[in-house]
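Dear colleague,

I am passing on the structure we spoke about, and I would be glad if you could look through it alongside the notes that follow.

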Amino acid sequence: MTALDLINGLTQAIFVLIFLLVFVRTLRHTTPAHIDMSLFFGILAFVVAESRISGFLGVTPPVWFTDVLVALIVALPYVLLRLVDDFTRVPVLLKRGAELFLIILVAAYAYDSLVTPPVDPPIILAVVAYLAGLFFYCGAAFIAASRKAEGVTRRRMQGISLGTILFGLDILMSGIGGVMPEPDKTFLTATGQILGLASGVAFYLGFAPPSFLRRAWQAPELRNFLARAAELPRLPDTLDIVRELERGAAGATGSNARVALWDEDTKVLRMWREGGEAVEVMPGRFIAGRAFELQRTVFTTDPSKEDPADAESYRRSRAGAVMSTPITAGGRRLGVLSLFAERPPIFAQSDMELAQLLADQAAVILESRALIDHAARMKAQEEAMRLKEDFVSAAAHDLKTPLTTVVAQAEFLERKALRDPSSPADLQGLQRIVREGKRLAALVTDLLDAARLEQGRLTAEREPVDLGTLVSEVVARQQPAAHATDVDVRGAVVGVYDRRRIEQLVENLVENAKKYSPEATPVQVTVWQQDGEARVSVRDHGIGIPPTDLPKIFERFSRASNVDDRRFHGMGLGLYICRGIVEEHGGRIWAESEIGKGSTFHVALPLQDGRRLN
Amino acid sequence: MLEFWAGHGDGGTQSGDSNVTMGKGGERAHSRVLVVDDDSSILDTVTAILSGEGYLVMAAGGGKEALALVRSWHPTLVLLDMRMPVMDGWAVARALHEAGSRVPIIVMTAAESARRWADEIGAAGHLAKPFSLDELIQCVEKFSADERKN
């Protein structure tokens, strides 16, 4: 025996050992995929071992034995086709056709070799065509599957594709070698043998990768997912977090993933379909619900048998294997992570650990999210509280200011009258009391309106109102004034409104326009109808509103920062009430402004009764 | 906004052309009271009342005017409103402190926290709005008397 022979023999022995290992390992499971795998690797081991052993012993096996070997080799691509079917879908007709053709071929070959030897070339040709055809199909199917898959599944499919291609080449070499003269014959046969062994290894890595390789293939996707994990709790929407978790889990396991979240209030698990539609699952229902109830991982390669009640649902969603792991954070049940594969062999038993790791990571992310939400809620509550306190203290402050003048001034007048009853009336002092008393009354009215607005009942009885007439009347009441107010009514605009409140709205807007404009600048009020809405605009040539203040001016106690409080009294409730009136009518109010040039306030009201339903 | 007021003892009528007139309480005329408030009605009322009581009174409508008057007029007492636009009471008190002024301040505010704010700025006392005529007069009298003793 030469050294080359020895190396050859040892290498082949190692391969046979690997194939036998897979054969034994897969034999322990009874799923169709495992049976196919044991068949495939068993045949490979047997064929390689046989050629070695008979070569070593120097015996020529009987013809029937060679025929059995040929039958097994011819059956190999058929078993491969079955494996393709385990990993991806193969048309039923093709499967049945391959079976039928296999039987015919083997029978014809056996008959020819046993009864009328040697075997006729057409039969050999048919065998080669059968082998090549099936290999071509299997290779193409696996390549297609690998392109669709991701993560570890993609790597496995690539391994299998490579194995199929190498095996095809092996058959080609051996076939050509058979009809070639020496020394090409030996060269081609030897090359074919090496290709065959390489394809065996590729098949091994693809079909039954050892755990360490699985881990290594899962690592990049897992790392990507973990690297992104820290940002996930800050995503704006819980559904976004769920989608990211699903994407990460799917990538790391090479399957499909669904995250269901436990709703403590309604006691249901909620998951979201692709379109975002929520589906509710009772605990105990489906495999996800069972994993949640049992609080442990449930793995099945036959969901229809595991959960017969929902068999139809699994068939419809083509879930051939399901692995569900509860998502739990320190005893708090948060939900379930479910991994689905259309084909069972996508998962290995060892993936349960990975699923657990992913579920734990999901728990951390969801728990962080809950904490962030909680903190935000607390902050909002505090903010609401502070606003309430602000409202009370601001209201008290603003009421006390005119009250100070009224009380002190009245007492002062009283004292003077008591000391010297004949003294002339202090007209300035009296005017001060009247002015501040009126200011007090206006503030109280505004405060009451604001309080009614908070309760959403600022407006009352609705009646048909001619806006043009209403605006003209309001403006006429306010004339004469330092500002010329021009009213432009473009056609009759009649809507169903609370007349008193709409008057108040127009009054406020026109008064504001005058208040914040230099004397003698005109104010333009326009009433028209546009796009089925009543429109009113009030335009001034005043100080304008800074762009940064513009979004806030309709808020409570908001005053533009360029407003001099000493010249313009007010609580900052006027525009807030205006907005309330408009919105209770189902309309909109907004402002455009340019500093130093003026502002235009726009109101759009529905023509029908646009009462907001509370 | 800077106005001069004169007390005539019998009334708080405005007299823009005469600077300071002595009231009936001759001693009080040595007390110069500066009233600072952004609300003109309060400013007018307090000035009229204190002038009527015989104090020399000046009014400032804001923090900056107040600081200018402290420098030029040397009041013996400042009645200070806290919430004012542009320069508020805290800023006035800080500026006075930094300038080394030791004029006593009475905080005058409509907020609940009058006492706390008075402590914050090291004020001599506080007047919570709305105050009565007697509260105002007694408070000013008390601190003016203290000032005279020193």
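What percentage of the 614 residues in chain A is made up of buried residues? In this model, which is predicted, buried residues account for 36% of the 614 residues in chain A. Chain A contains 17 helices and 13 strands, and when its contacts between residues at least 6 apart in sequence are considered, 66% of them join residues at least 24 apart.

One residue of chain A that may be worth a look on your screen is A:Ile543, which is found in the loop between strand E11 (533-539) and helix H17 (574-584). A:Ile543 counts as buried because it has 21 C-beta neighbours inside 10 Å, where the cut-off for a buried residue is 20 or more. The C-alpha atom of A:Ile543 is separated by 6.5 Å from that of A:Lys597, although these two residues are 54 residues apart along the chain.

Turning to the contact between the chains, 25 residues from chain A and 21 residues from chain B take part in it. On the side of chain B that touches chain A, helix H1 (40-52) and helix H5 (133-149) of chain B each supply at least two residues, and H1(B) gives the most, with six residues. By residue type, that side of chain B divides into 10 nonpolar, five polar and six charged residues.

With best wishes

Terms used. Residues are numbered from 1 along each chain as its sequence is written. Chains are lettered from A and ligands numbered from 1 in the order in which they are written. This is a predicted model: local features need pLDDT of at least 70, side-chain atom pairs count only at pLDDT 80 or more; totals for chains, interfaces and linings use all residues. Helices (H or I, at least four residues) and strands (E, at least two) are DSSP runs, numbered from the N terminus. A residue is buried if 20 or more other C-beta atoms lie within 10 Å of its own, exposed if 12 or fewer, and partly exposed in between; C-beta atoms are placed from the backbone. Two residues are in contact if their C-beta atoms, placed from the backbone, lie within 7 Å. Ala, Val, Leu, Ile, Met, Phe, Trp, Tyr, Cys and Pro count as nonpolar, Asp, Glu, Lys and Arg as charged, and the others, Gly among them, as polar.
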